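Me: I have a model open and want to go through its side-chain contacts. Can we take it piece by piece?

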Amino acid sequence: QVKLVESGGGLVQAGDSLRLSCAVSGRTSSRYYMGWFRQAPGKEREFVANINWSSGSTGYADSVKGRFTISRDNTKNTVYLQMTSLKPEDTAVYYCASRLPPGQYNYWGQGTQVTVSS
């Protein structure tokens, strides 16, 4: 069992920055992939970014590439999502998730709300 707890969401203005954190506990493994997803009102949940816990290799959705950065701190068992140049369309509930390849994302946090005003 893996437990994920997100924090760091809030209300910001367009152009601001925000850093989300995801604290990971439980039965973890260096082979896990950690991902950030988001879901805006009335829309389906979408992929934002992911990171290989062991190698640190990352991937991003085109909509956030160049603005968001995913990272991890192995000593703190925490994954971060640094968001810059935020836009109103980034408004969503952001979720942290984990998967053990070749499986799907099967552990999810409770989500943290990010609201970007114009």
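Me: How many disulfides does the structure hold?
Reply: One disulfide, taking that as a pair of cysteine sulfur atoms within 2.5 Å. Keep in mind that this is a predicted model, where local features need pLDDT of at least 70, side-chain atom pairs count only at pLDDT 80 or more, and totals for chains, interfaces and linings use all residues. Residues are numbered from 1 along each chain as its sequence is written, and side-chain values use heavy atoms, with hydrogens and water left out.

Me: Which residues form the disulfide?
Reply: C22 and C96, with their sulfur atoms 2.1 Å apart. The pair links distant parts of the chain: C22 is in strand β3 (residues 18-26) and C96 in strand β9 (residues 92-99), 74 residues apart. Strands here are DSSP runs of E, at least two residues, numbered from the N terminus.

Me: Is the link left-handed or right-handed?
Reply: Left-handed, with -80 degrees about the S-S bond of C22 and C96.

Me: And are C22 and C96 buried or exposed?
Reply: Both are buried. Buried means under 20% relative accessible area, exposed over 50%, and partly exposed in between, using a 1.4 Å probe and protein chains only.

Me: Moving on to the core. How many residues has the largest nonpolar core?
Reply: The largest nonpolar core has 29 residues, and M34, W36, L81, M83 and Y94 have the most contacts inside it. Such a core is a set of buried Ala, Val, Leu, Ile, Met, Phe, Trp, Tyr and Cys residues joined through side-chain atoms within 4.5 Å.

Me: Which strand gives the most to this core?
Reply: β3, with four residues.

Me: What does L81 touch?
Reply: Leaving out residues up to four places away in sequence, L81 touches several residues, including L18, L20, W36, V48, F68, I70 and Y94. Contact means heavy atoms within 4.5 Å.

Me: Now the rings. How many aromatic pairs are there?
Reply: Four. Rings of Phe, Tyr and Trp (its six-membered ring) pair if their centres lie within 6.5 Å; planes under 30 degrees apart count as stacked, over 60 as edge-to-face and the rest as tilted. Y105 and W108 form a tilted pair, 6.3 Å centre to centre with 55 degrees between the planes. Ring pairs also link F37, F47, Y105 and W108 into a cluster.

Me: Why does W108 count as partly exposed?
Reply: Because its relative accessibility is 30%. Y105 is buried, at 17% relative accessible area.

Me: Which charged end sits over the ring of Y105?
Reply: That of R99, 5.6 Å from the ring centre. The rule asks for NZ of Lys or CZ of Arg within 6 Å of the ring centre and within 35 degrees of the ring normal. R45 sits over the ring of Y95 in this way, its charged end 5.7 Å from the centre.
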